[in-house]
Amino acid sequence: MTEKSKRMTYLDALGLAQREELEGRDDTIIIGEDIALYAAGGAYGDIHPSRIRSAPISECGFAGMAVGAAITGLRPIVDLTIANFIYLAADPIINQAARLRYMTGGQFKVPVTYRASMWHGQANAAQHSDRPYPMFMNIPGLKIVCPATPEDAKGLLKAAIRDDDPVIVFEDNDLWGKKGDVPLDTEFVVPIGKAKTHRAGSDVSIISISGCLRHALKAADALATEGIHADVIDLRTLLPLDNDAILGTLARTGRVVIVDPAHRTMGAAAEIAAIIVEDGFDMLRKPVKRVVTPDVPIPFSPPMEAPLYPNPEKIAAAVRELM
């Protein structure tokens, strides 16, 4: 019997997704800085040299090159490496990739995937530790996904590569070594725009983003010993948001804690809270709580950095306040 799934790391799941798409279609290429040096495995998935476009250290240049490749028939995967480098690529992503389909009345499609790994929690200091997805949630024309499990890492990256619109895949570096069961079906994809419920509960909703899922589930385990049953959902996609899932979990519990590793001000958690208040106010039993990162540059020192991010203790404390 053919093996249907395999236990692998988050990083290997990304590599598998990329390898399957490169092998399964002739129009897919990968672009990145000196990427030919790393194309023997891991996140790059054993890529044939003919599919590699090794670029110099010029994020704006090769992110723009990918837009041109996309509108002429290719499906580029752009590896920006560290998520902070997306700032340097912002002009072609925002002004070209996100807008050309609209500006040409649908004559152009821009099927480009930008991979950006968020390296927070690794003592990489302020210039290499951002979680910048909230900035790009304000750009019509983009899609944004944040996989939190190896299964979703494979499924969402494949969905991004197959999508006819530009997609940014924000990967969580803290998850690279985490293992999970990953489907081996080459046609397995996770639909963009669909959240997933990981734990059912009726007392409080914990809405999680990216790598915060593991903290939310650990907090839910601890709360269950106190008789508090949490409904835990992972949004998986931030643009477009799954409003039905957000309002659905609110309807089940009436209490919501949003867990987001990005900064507090104008973050994804703020947008989710606004949706709840605007469209589900009558279902609220208590005010919405956010467990997020404070508005400070990320320090290099590990003992200073670690306490800034959401963790199970902070999540459980926020839930207890609502109960």
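The structure is a predicted model, in which local features need pLDDT of at least 70, side-chain atom pairs count only at pLDDT 80 or more, and totals for chains, interfaces and linings use all residues. Residues are numbered from 1 along each chain as its sequence is written, and side-chain values use heavy atoms, with hydrogens and water left out.

**Aromatic pairs**

- A pair of aromatic rings is described by the distance of the centres and the angle of the planes.
- Rings of Phe, Tyr and Trp (its six-membered ring) pair if their centres lie within 6.5 Å; planes under 30 degrees apart count as stacked, over 60 as edge-to-face and the rest as tilted.
- Two aromatic pairs are counted by this rule.
- Trp119 and Trp176 form an edge-to-face pair, because their ring centres are 6.1 Å apart and their planes stand at 85°.
- This pair links distant parts of the chain, 57 residues apart: Trp119 is in the loop between β5 (113-118) and α5 (133-136), and Trp176 is in the loop between β7 (167-172) and β8 (179-183).
- Helices (H or I, at least four residues) and strands (E, at least two) are DSSP runs, numbered from the N terminus.
- Trp119 is partly exposed, at a relative accessible area of 22%, and Trp176 is also partly exposed, at 25%.
- In these terms, buried means under 20% relative accessible area, exposed means over 50%, and partly exposed lies in between (1.4 Å probe, protein chains only).
- Tyr133 and Phe170 are likewise edge-to-face, since their ring centres are 6.0 Å apart and their planes stand at 70°.
- Because Tyr133 lies in helix α5 and Phe170 in strand β7, their pair ties together parts that are 37 residues apart in sequence.
- Tyr133 and Phe170 are both buried.

**Backbone geometry**

- Most residues other than glycine have a negative phi, and most peptide bonds are trans.
- The peptide bond from Leu239 to Pro240 is cis, with omega near 5°; Pro240 is placed in the loop between β12 (237-239) and α8 (243-253).
- Ser210, although not a glycine, has a positive phi of about 55°.
- The loop between β10 (204-208) and α7 (212-224) holds Ser210, which counts as buried at 1% relative accessibility.
- Arg236 is not a glycine either, yet has a positive phi of about 65°.
- Arg236 sits in the loop between β11 (230-234) and β12, and its relative accessibility of 11% counts as buried.
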